[in-house]
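Good morning, and thank you for joining this meeting. I shall present one structure, moving from a pair of helices to the contacts between its parts.

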There are 2 protein chains.
Amino acid sequence: MAPSDVLLRKLRYHSPIDPADVAAIRRLRCEMRELTPGEDFVSQGDKPKAAAVVIEGILARYHTLGSGARQYLALHYPGDWPDAQGLFLQHMDHSVCAIGRALVCSISHDQLMKIFVERPTIAFAVWRETLIDAAIFRESITNNSGRHGVARIAHFFCEQFYRAKFVGFAEDNACPLPLTQTELGETLGMSLVSINRHLQTLRQTKAADHRAGKLTVRSWSKLASLGEFDPGYLHQIVPASRG
Amino acid sequence: MAPSDVLLRKLRYHSPIDPADVAAIRRLRCEMRELTPGEDFVSQGDKPKAAAVVIEGILARYHTLGSGARQYLALHYPGDWPDAQGLFLQHMDHSVCAIGRALVCSISHDQLMKIFVERPTIAFAVWRETLIDAAIFRESITNNSGRHGVARIAHFFCEQFYRAKFVGFAEDNACPLPLTQTELGETLGMSLVSINRHLQTLRQTKAADHRAGKLTVRSWSKLASLGEFDPGYLHQIVPASRG
DNA sequence: CGGAATGTTGATATGCCTCAACTAAAGTGG
DNA sequence: CCACTTTAGTTGAGGCATATCAACATTCCG
């Protein structure tokens, strides 16, 4: 799929894009870049001059704490704009790295600002993207602060599986989720050991199975009720649900 | 201060607003509404037709968990747009309530969309507002997930004091923070009892004192280092610091 | 003045973290 | 191709931070 198609598919999930918008988006010149597993794409403090769209693979945003520990903030799938904030904020307050191999396309701020002024619909669609991002962050606050143990992991798994489905990453009841247990811990604010034990619980209760970077949902209804998952905050059109 | 002045002061902290923009903003018609302490301004599920700017007092956003418990997500001071997401997202994924008495002015989405198309600078300034919001959410993920005990509270106090200074809420070394200990717990993902004990630690170490809805910073440097506070994520111009 | 909300304290329970050892899998170089 | 190293996952034990429960003190407000 061409970069602009990945971008358009995502925007169309929530925003009306007319043919003239499509044409304008297809005229954007973008620079492709392949990222190796774990590679930083942008670092805290950077002042990017372009904004990236994920084309293939998964990217992650993270903070680095005083101790050097990492706090992952969100995962990003194809069509996502992991550093859109750079368009309007002076510096990056967090870093963005690749989880596994990934492909991104960078579009210069200059081009984007121009298209935003000429075609406000496109600006509003990207703005909407950033607002959905914010909704996902809010949900993470609630998940990491208000839910314990298995529920926290279950909710996270639901979100990732749900989002993966939209971008065609999910086959039936499984999707890639190439995080180690350590990284899951750094995402969910738990220790590696706790993650390991809760994952075993999820396996034993036949709710979900995470192994070798792959999430298998054994029972969506179990997982969703464990994690109190309600996808409203993702503000997407709902795909077929599963039982 | 007139509503448009509150709005303009905030936008100017981070965005260039020219005289024509100012004139356009002053022409916006807005509906003032006074909120009683604790009153919900917007509720989860609502589909607002206007966006509000805080004029006086403090508002808070919160999620309601399955158990009925509340998770506060962020506080909002004069000039903030607590429900700007309503401009582009179909429904509210969280609620907004008043903390103490508050005054808000609502501007219809119709007027805002019109001004955004005519004067993109204003759209970009409000977009920037929402991106700063998102940065604050990210920091909350990190704070609530990655910091423990006193550090978590200290960081939260630093942020609130810092933001309060910008809107003229802070007198020298104190600012209003009219949250009960229960509400602090619901913000920081801790129990009331833990909050109470950590607050005592902060008092005893002469870092900060929270009493009767007022935060007194006894030693900014102690508090900031305890909470690993770096205000970069607020993306504001830095006011005078204190020792 | 009385009742409700808020704050404080102590005791106990428990979930999670840390440490540590070990297994399994994957990747590397001879 | 196999020994070696590294990384990821698993398990057990012990300790600590935080939650929970419960009583009481204090402040606020009608």
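Axes are lines fitted to C-alpha atoms, for helices over the stretch in contact, and angles run from 0 to 180 degrees between N-to-C directions. Helices (H or I, at least four residues) and strands (E, at least two) are DSSP runs, numbered from the N terminus. The model is predicted, and local features need pLDDT of at least 70, side-chain atom pairs count only at pLDDT 80 or more, while totals for chains, interfaces and linings use all residues. Residues are numbered from 1 along each chain as its sequence is written, and chains are lettered from A and ligands numbered from 1 in the order in which they are written.

How do helices H6 and H7 of chain A pack? Helix H6 (residues 181-188) of chain A lies at about 105° to helix H7 (residues 192-204) of chain A, and their axes are 8 Å apart. H6(A) is therefore roughly perpendicular to H7(A), a term that covers angles of 65 to 115 degrees. On the H6(A) side, Gln181(A), Thr182(A), Leu184(A) and Gly185(A) meet Leu192(A), Ile195(A) and Asn196(A) of H7(A); contact requires C-beta atoms, placed from the backbone, within 7 Å. Three of these residues are nonpolar, four are polar and none is charged. Here Ala, Val, Leu, Ile, Met, Phe, Trp, Tyr, Cys and Pro count as nonpolar, Asp, Glu, Lys and Arg as charged, and the others, Gly among them, as polar.

I turn to the two protein chains. Contacts join 38 residues of chain B to 38 residues of chain A. On the chain B side, strand S4 (70-76), helix H3 (109-118) and helix H4 (120-146) each supply at least two residues. Which element gives the most? That is H4(B), with 18 residues. This side of chain B has 17 nonpolar, 16 polar and five charged residues.

Next comes the DNA. Around DNA strand C there are 15 residues, the closest being Gly149(A), Ser191(A), Val193(A), Ser194(A) and Thr180(B); a residue is near a strand if its C-beta atom, placed from the backbone, lies within 6 Å of it. H7(B) gives the most to this surface, with five residues. The surface divides into six nonpolar, nine polar and no charged residues.

Finally, chain A is assigned domain 1 (3-140) and domain 2 (148-234), with bounds from an automatic or database domain assignment. Their centres, taken over C-alpha atoms, are 24 Å apart.

Note on methods: Parallel < 35°, antiparallel > 145°, perpendicular 65-115°, else oblique. Contact = placed C-beta atoms within 7 Å.
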